[in-house]
Amino acid sequence: MHIRSKRKWTAAGAASARGATRRAPGGWFVASTLVWTLAFGAVGVAPAVAETNEEKRLRLLEQQLQRQAEEIKELRKELLQQKAVGQATEGRAEEAAQNADKVKAGLDQAKKSFSLPDWLNRTTVFGDVRYRHEGFYNQPAVSGQDVTARNRERIRARLGVRVAFGDELAATIRGASGNINDPISTNETLTGNFNRKNFNLDWAYLTFTPGKTFALRPGVFSMNAGKFPNPIFRADEMVFDEDLSPEGTSETFQFLAQPIGALDQVKLHALQWTFAEIANKQDGWMFGGQINPTFHFGNVQFEAGLGQFWWLNPDLIAQALSKNTTAYTASGAPVANSNQNTQLTNTNLLVTKTIQPPTQPGGKKPAAFTAITGYQSGFNQTNAVLSATIPNVVAGQPLKWWADYVYNWEAATDDAQGWTSGLRLGQTKTRGDWSLFGFYEHLGQEAAISSFAFSDFGTAGTNVQGPGIGIDYQLLNPLTISAKSYFTNFINRPANTSNPTLSRAQLDFLLKF
């Protein structure tokens with residue numbers, strides 16, 4: 001009942017309203033306009049409220065958070081890009097590794113199908129180059145001769161190859177600079193208007209060392225055949241210059257398989273050297289040998305050599321000094337010596353023969369001439385050498401003492417002996433090493449064949465005596481700098497010749513490889 005009356009009221013109100021609207025058709029628009037105007041007016045004319053500090057901090061934090069969010073977004077983008085690049089790089093690396101494996105496999109296959117000759121792997125190249133400044137001061141002179149100081153620049157170059165065919169056979173070849181006719185020097189003087197310098201065959205020999213193949217102890221025997229370095233033990237160059245390369249054969253025997261007490265080893269060197277081959281005549285030879293023991297007492301190391309050298313037909317060496325032979329033509333002119341060697345050093349006493357060709361019937365008497373026919377002495381030499389080395393004497397460097405003695409049993413005069421004694425402190429092996437040495441030498445005129453003796457001492461040859469000093473320093477591992485001086489006089493002054501103390505100085509720069 002109550003609800004129904006309410007509905008009646010509502011309906012009546014609505015009807016009344018509709019009637020009013022119809023009665024005043026512009027009233028609804030005016031009312032609506034008034035409401036919106038008041039609403040917007042209230043908003044527009046509302047006074048502005050100032051921002052508080054808390055609101056300002058909040059606004060700034062919101063802005064900062066927004067910027068950080070944008071930065072994080074950018075960083076995520078960059079990380080995604082880097083990840084993509086890394087994946088691409090990893091792929092390329094894997095591809096490169098696969099390609100490398102393929103290349104390695106190809107190289108391994110190529111090695112199987114192609115390889116260097118085996119002998120090339122057993123080849124050793126060696127040599128040295130030396131530059132030298134050399135000066136001669138206060139030189140002896142023949143009466144009436146004006147002699148001044150002499151300075152010269154010299155070079156030496158040596159290059160060798162050794163091929164080992166196993167442990168029992170090897171071949172060695174070495175070339176060296178120097179005058180081909182000088183057996184005791186491989187130096188070339190820098191002169192001659194920039195002309196080419198000589199490079200000659202210095203060594204060419206085979207080495208045979210039978211071992212297991214022949215049921216022998218390795219090293220018990222070895223043999224050189226050809227042109228080779230001097231195999232005997234030498235502490236200096238008094239009898240044989242270091243540049244002398246003998247020709248023929250030599251054998252070395254090592255008797256001990258292992259040391260016996262203080263005796264470390266005993267070697268025997270047998271020598272058969274040929275120095276002249278003559279058609280229809282006896283050739284020139286040197287037959288000799290040396291016993292060469294090494295031993296020690298405590299930490300002092302000793303090495304010795306006792307040798308005998310007998311020269312067969314040494315006059316052939318002297319005859320090479322002669323301009324003429326003893327032969328002459330039908331007209332009486334001397335026949336020139338085709339084997340003359342003006343580079344041979346000689347200070348030994350010679351036999352010179354005067355030849356008078358006969359006068360032909362109705363002709364003029366030919367002029368007499370001379371020819372060298374040989375030495376006044378024969379040569380059968382006994383040589384004794386001894387050295388002692390004490391390790392770690394100064395700054396870890398060793399001290400070496402040596403002595404050398406030679407006597408010629410077939411000398412024509414009393415000048416039949418020679419001797420040398422010296423000391424060397426230090427040795428040059430690696431960078432920073434150094435060495436000092438000093439010695440005194442006395443070599444009688446007939447004690448040795450002058451053509452093969454020490455070429456740097458005095459004017460070379462025999463009949464000379466005096467001291468020598470020097471210093472070596474290893475500037476770099478392959479480079480040694482040396483300074484040496486020799487002060488010499490004649491033992492027996494040659495006729496009409498002065499005898500001052502000759503000073504011979506050398507500065508060397510030596511590179512070995």
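The following questions and answers concern a predicted model of one protein chain.

Student: What average pLDDT does the protein chain have?

Tutor: The model is predicted, and pLDDT is the predictor's confidence in each residue. Of the residues, 89% score at least 70. The average for the protein chain is a pLDDT of 88.

Student: How many salt bridges does the count come to?

Tutor: Side chains of opposite charge can pair when their charged atoms come close. The cut-off applied here is a side-chain nitrogen of Lys or Arg within 4 Å of a carboxyl oxygen of Asp or Glu. By this rule the count is 14 salt bridges.

Student: How many residues apart in sequence are the parts that R156 and D128 tie together?

Tutor: R156 and D128 form a salt bridge, with their closest N and O atoms 3.1 Å apart. R156 belongs to strand β2 (residues 150-164) and D128 to strand β1 (residues 123-137), so the pair joins parts of the chain separated in sequence by 28 residues.

Student: Are R156 and D128 buried or exposed?

Tutor: The cut-off for a buried residue is under 20% relative accessible area, whereas exposed means over 50%. R156 and D128 are both buried.

Student: Which strand holds D508, the partner of R132?

Tutor: The side chains of D508 and R132 meet in a salt bridge, 2.7 Å from N to O. This pair links distant parts of the chain, 376 residues apart, with R132 in strand β1 and D508 in strand β21 (residues 502-512).

Student: Why does D508 count as buried?

Tutor: A residue is buried when its relative accessible area is under 20%. R132, its salt-bridge partner, counts as buried because its relative accessibility is 1%. D508 likewise counts as buried because its relative accessibility is 3%.

Student: Which residues are linked with R132 and D508 in a network of salt bridges?

Tutor: The network contains the pair R132 and D508, whose side chains meet in a salt bridge.

Student: How is the pair of rings of F454 and Y486 classed?

Tutor: The structure holds 23 aromatic pairs. A pair of aromatic rings is described by the distance of the centres and the angle of the planes. For F454 and Y486 the centres are 6.0 Å apart and the planes stand at 85°, so the pair is edge-to-face.

Student: What is the angle between the ring planes of F457 and Y486?

Tutor: Y486 is buried, with a relative accessible area of 4%. The ring centres of F457 and Y486 lie 6.1 Å apart, and the pair is edge-to-face because the planes are at 80°.

Student: Which residues do ring pairs link into a cluster with F454, F457 and Y486?

Tutor: F457 lies in the loop between β18 and β19, and Y486 lies in strand β20. Ring pairs link F454, F457 and Y486 into a cluster with F437 and F439.

Student: Over the ring of which residue does the charged end of R174 sit?

Tutor: The charged end of R174 is 3.7 Å from the centre of the ring. The ring belongs to W203.

Terms used: Residues are numbered from 1 along each chain as its sequence is written. Side-chain values use heavy atoms; hydrogens and water are left out. Helices (H or I, at least four residues) and strands (E, at least two) are DSSP runs, numbered from the N terminus. Buried means under 20% relative accessible area, exposed over 50%, partly exposed in between (1.4 Å probe, protein chains only). pLDDT is the predictor's confidence in each residue, from 0 to 100. Rings of Phe, Tyr and Trp (its six-membered ring) pair if their centres lie within 6.5 Å; planes under 30 degrees apart count as stacked, over 60 as edge-to-face and the rest as tilted. A charge sits over a ring if NZ of Lys or CZ of Arg is within 6 Å of the ring centre and within 35 degrees of the ring normal.
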